Every structure is written in structure tokens, then in C-alpha cells.
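I opened my notebook to look up a ligand and its surroundings. I also wanted to check the salt bridges. Here is what I looked up.

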Amino acid sequence: MGREFVDLFDRWADNYDDTVSGVEEEYQAVFHKYDQILKEVADRATGHVLEFGVGTGNLSAQLLSKTDQYIGIEPSEKMREVAEKKLGVPIYDGDFIAFPEPKTKVDSIVSSYAFHHLTYTEKNQAVEKYRQLLSKGGKVIFADTVFLNETAKNDMINAAKGKQYYNLAEDLETEYYPTIAELTEIFENNNFRISFEKLNDFVWLFEAIK
Ligand SMILES: C[S@@+](CC[C@H](N)C(=O)[O-])C[C@H]1O[C@@H](n2cnc3c(N)ncnc32)[C@H](O)[C@@H]1O
């Protein structure tokens, strides 16, 4: 579920790694310190790891260098092809809510630059499910664009338009980028303890402990 943006990623798969390396001016600030952001997520992951929205497999590569207890889930067929070629492991068709479920509990559920594809209700459904899947003390560790509040979000949209970054402005207006308060509510309602760390002008790392 929450697969409404998957066609876009099928089309983006072949040059996604160029975008994250900063060749597109419009998205430079979003992907500023991209490798370091992925490392922050990978460093916090322990034990049996489940990743959502694998994309071209950049976070996965860091995870696989530290564990072989890894399951990757990605809804875009083209992204899966790129990632499998890069990683040499299977990546499974699925999304944040509907996916082949691991047979045993997992210790870390991770994702980068992807959770905003879910609406508020879908995010809540996903987090409810993760509580069942995680071992005691297990963690959700996500890095994604998050806003301090609605004013901060509107300021970013206006700033993007002011710089004629119309694609970025449209993304911010049409995808489901949450505020800190929304994420806090979703995770706390599902009995997680959540904390946030800002990693660039757009991206925050949020870690929620069961
Ligand atoms: C911006 S890319 C991020 C890829 C990678 N995680 C990274 O950090 O570079 C977003 C990824 O989320 C995937 N995606 C889109 N909707 C999704 C959903 N509902 N569930 C899981 N992944 C989704 C896309 O296909 C795409 O591969």
C-alpha cells in the first residue's frame, strides 16, 4: 500500500544514483551528506534487519557490510533490478505495509528517503505492524524529510518556488512529508519511544524504540 509513486521510481531507477550524488541543483540540499545520512542509519541497526524502500541499494550496501541477517523490500521492479545487480542478494517485492513477512522477529526496521510516500493513516498502519514484528527493545530507524511544523514546511515550499525549483516544490506539496508532531503522535500511539536528530535542511533521523 502507498504505492502511488512507484511508476515515478521505475522511470528514475537508471539515473537515481546521479541525483543523490548532487548533479541536479534542485535536489542538492535534499541529498546533502547523503552517504553520511545512510551511515547514521546503518550504524544504529543491529541484529536481524528489515529494510523498506531499498531503491538502488545504497543503504542496503552499508547494512550488508555489517550483517548477513538482512531482508530488503522494494515495490519498484526497476529499482529492484538495479539494487540486486549492485548487491548480489534478492530484494523482495513489497511495500511498507504489504510485504513478505519474516518468519522470526526482527531487531531493526530501517529506511531512508521513503516513509513520506505513505499518508498519515498508512504510516500509522505500518507502525502498528512493526510493533508486532520487532523483538523486545527492537527499533525503527528511519531517515527522511520531516518538517518542524506546517510553517516550516510552507516556508520550504515557498523558498523552492522562489529559486524556481518547481519539481522540488511539487514534491513537497504532493507527497506526504510529515511534521515532528505527526510522527511523534503515530509512534507514541503505538507505544514506541521516539527521538529525532536533524541531519540536513530537509532530512531528520528518527529512532523509535519498542
Ligand atoms: C527516494 S527513493 C529512496 C531509495 C533509498 N532508500 C535511498 O535512500 O536512496 C524512495 C524509494 O521508496 C520506494 N517506495 C515508494 N513507495 C513505497 C512504499 N509504499 N513502500 C515502500 N517503498 C516505497 C520507491 O520505489 C523508491 O525506491
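I began with the shell around the ligand. Its residues divide into 12 nonpolar, six polar and two charged. I keep in mind that this is a predicted model.

Next I asked how many residues surround the ligand. I found 20. The closest are Y16, Y34, G53, E74 and S112.

Then I looked up distances from side chains to oxygen atoms of the ligand. For Y16, I noted 2.7 Å between an N or O atom of the side chain and a ligand oxygen. For Y34, the corresponding value is 2.5 Å. E74 has a polar side-chain atom 2.6 Å from an oxygen atom of the ligand. I then checked the cover. On its own, the ligand has 590 Å² of accessible area, and the protein covers 99% of it.

Where does the ligand sit? I looked at the pockets, and the space it takes is the largest pocket.

Last, I turned to salt bridges. I searched the whole structure and got 11. One of them joins the side chains of D93 and R3, with 3.2 Å from N to O. This pair links distant parts of the chain, 90 residues apart. D93 is in the loop between α5 (77-87) and β3 (106-112). R3 is in the segment before α1 (6-12).

How values were computed:
Residues are numbered from 1 along each chain as its sequence is written. This is a predicted model: local features need pLDDT of at least 70, side-chain atom pairs count only at pLDDT 80 or more; totals for chains, interfaces and linings use all residues. Side-chain values use heavy atoms; hydrogens and water are left out. A residue is near a molecule or strand if one of its heavy atoms lies within 4 Å of it. A polar contact is a pair of N or O atoms within 3.5 Å; within protein, one must be able to donate a hydrogen and the other to accept it, and residues adjacent in sequence count only if both atoms are side-chain atoms. Accessible areas come from the Shrake-Rupley method with a 1.4 Å probe; for residues, only the protein chains shown count as cover. On a 1 Å grid over the protein atoms alone, a cavity is a set of points where a 1.4 Å probe fits but cannot get out, and a pocket is an open set with protein on both sides within 12 Å along at least five of seven lines; lining residues have an atom within 4 Å of a point. A molecule sits in a cavity or pocket if more than half of its atoms lie within 2 Å of its grid points. Ala, Val, Leu, Ile, Met, Phe, Trp, Tyr, Cys and Pro count as nonpolar, Asp, Glu, Lys and Arg as charged, and the others, Gly among them, as polar. A salt bridge is a side-chain nitrogen of Lys or Arg within 4 Å of a carboxyl oxygen of Asp or Glu. Helices (H or I, at least four residues) and strands (E, at least two) are DSSP runs, numbered from the N terminus.
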